[in-house]
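Let us walk through this structure step by step. Keep the sequence and the 3D view side by side as you read.

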Amino acid sequence: MEPHLLTSPDIFQHVRMIMGMVIGLSMTRLLTGLVRIIQHPNQTRIYPVHIGWVLTLLLMLMHFWWWELWLIELSVWTFETYLFLILYAIVLFFLSAFLFPDTISDYNDYEDFFIRRRKWFFSFFAVTVLFDLIDTLIKGRAHYAMFSIEYWFRVPVYLVLCSAAIVFTNRRFHMGFVTIGLLYEISWIVRHFEKLS
């Protein structure tokens, strides 16, 4: 009797289950936070920049789950690849937790909370940009070639903007960053990820 050999799609399904659990926790955190704001609108004053990043991160989480399907084509799976993907999902969970902590009683409102905790949020956001770069390279030359020169422009621009967001508390800058970031993310998904093929 020959031993059963696992194929790449078999391994991918196994890894995808673990990633899905972590992504599910992230989405639960964000959605619960939004529901809490709706349920108790007078409890804490909302901050449009904070809500903008919540919506951006929800979109990023859905996009992450969507684009990781390309890993089914990965011919060789290693523990390092598996660990990297789990860490990527964990970083996304941390971003979700930074947007909605267990309590914000130590802060005046969501604006005060977001501005005071921005260093953590944007440091981890910058890490997701680097993780995305590694993830793209793992999928192979053909995968990252489909993004053209725009991808290699996108990565450093996001890193610079995250660095500026860590340093500056200017409300207009933060509003501009989240607005342009959300619109660009929608454009990026529509142009490159509408169909998985």
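A cavity is a set of grid points where a 1.4 Å probe fits but cannot get out, and its lining residues have an atom within 4 Å of a point. Rolling a probe the size of a water molecule over the atoms shows where empty space is left. Keep in mind that this is a predicted model.

How many cavities of 30 Å³ or more does the structure hold? There are 2. Start with the largest. Its space comes to about 170 Å³. It is lined by 13 residues, and Met60, Thr128, Val129, Asp132 and Arg154 are the closest to its centre. Four helices each supply at least two lining residues: α2 (48-67), α3 (79-99), α4 and α6 (148-167). Which one gives the largest share? That is α4, with 4 residues. By type, the lining of the largest cavity divides into 9 nonpolar, 1 polar and 3 charged residues.

Now turn to the second largest cavity. It holds about 60 Å³ of space. Of the 12 residues in its lining, Trp67, Asp132, Thr136, Phe147 and Phe193 lie nearest the centre. The elements that give two or more residues here are α2, α4 and α6. Once again α4 provides the largest share, this time 3 residues. The lining of this second largest cavity splits into 5 nonpolar, 3 polar and 4 charged residues.

Helix α4 deserves a look of its own. It covers residues 110-138 and has a kink of about 60°, centred on Arg117. Just after α4 comes Gly140, which takes a positive phi of about 105°.

Next, the aromatic rings. A pair of aromatic rings is described by the distance of the centres and the angle of the planes. The count here is 30 aromatic pairs. Take Phe12 and Trp77 as one of them. Their ring centres are 6.4 Å apart and their planes meet at 35°, so the pair is tilted. This pair links distant parts of the chain, 65 residues apart. Phe12 sits in helix α1 (residues 8-39), while Trp77 sits in the loop between α2 and α3.

Are these two residues buried or exposed? Buried means under 20% relative accessible area. Phe12 has 0%, so Phe12 is buried. Trp77 has 14%, so Trp77 counts as buried too.

Methods: Residues are numbered from 1 along each chain as its sequence is written. This is a predicted model: local features need pLDDT of at least 70, side-chain atom pairs count only at pLDDT 80 or more; totals for chains, interfaces and linings use all residues. Side-chain values use heavy atoms; hydrogens and water are left out. The bend at a residue is the angle between axes fitted to the seven residues ending there and the seven starting there. On a 1 Å grid over the protein atoms alone, a cavity is a set of points where a 1.4 Å probe fits but cannot get out, and a pocket is an open set with protein on both sides within 12 Å along at least five of seven lines; lining residues have an atom within 4 Å of a point. Grid points are joined across faces, edges and corners, and a volume is the space filled by probe spheres set on the points. Ala, Val, Leu, Ile, Met, Phe, Trp, Tyr, Cys and Pro count as nonpolar, Asp, Glu, Lys and Arg as charged, and the others, Gly among them, as polar. Rings of Phe, Tyr and Trp (its six-membered ring) pair if their centres lie within 6.5 Å; planes under 30 degrees apart count as stacked, over 60 as edge-to-face and the rest as tilted. Buried means under 20% relative accessible area, exposed over 50%, partly exposed in between (1.4 Å probe, protein chains only).
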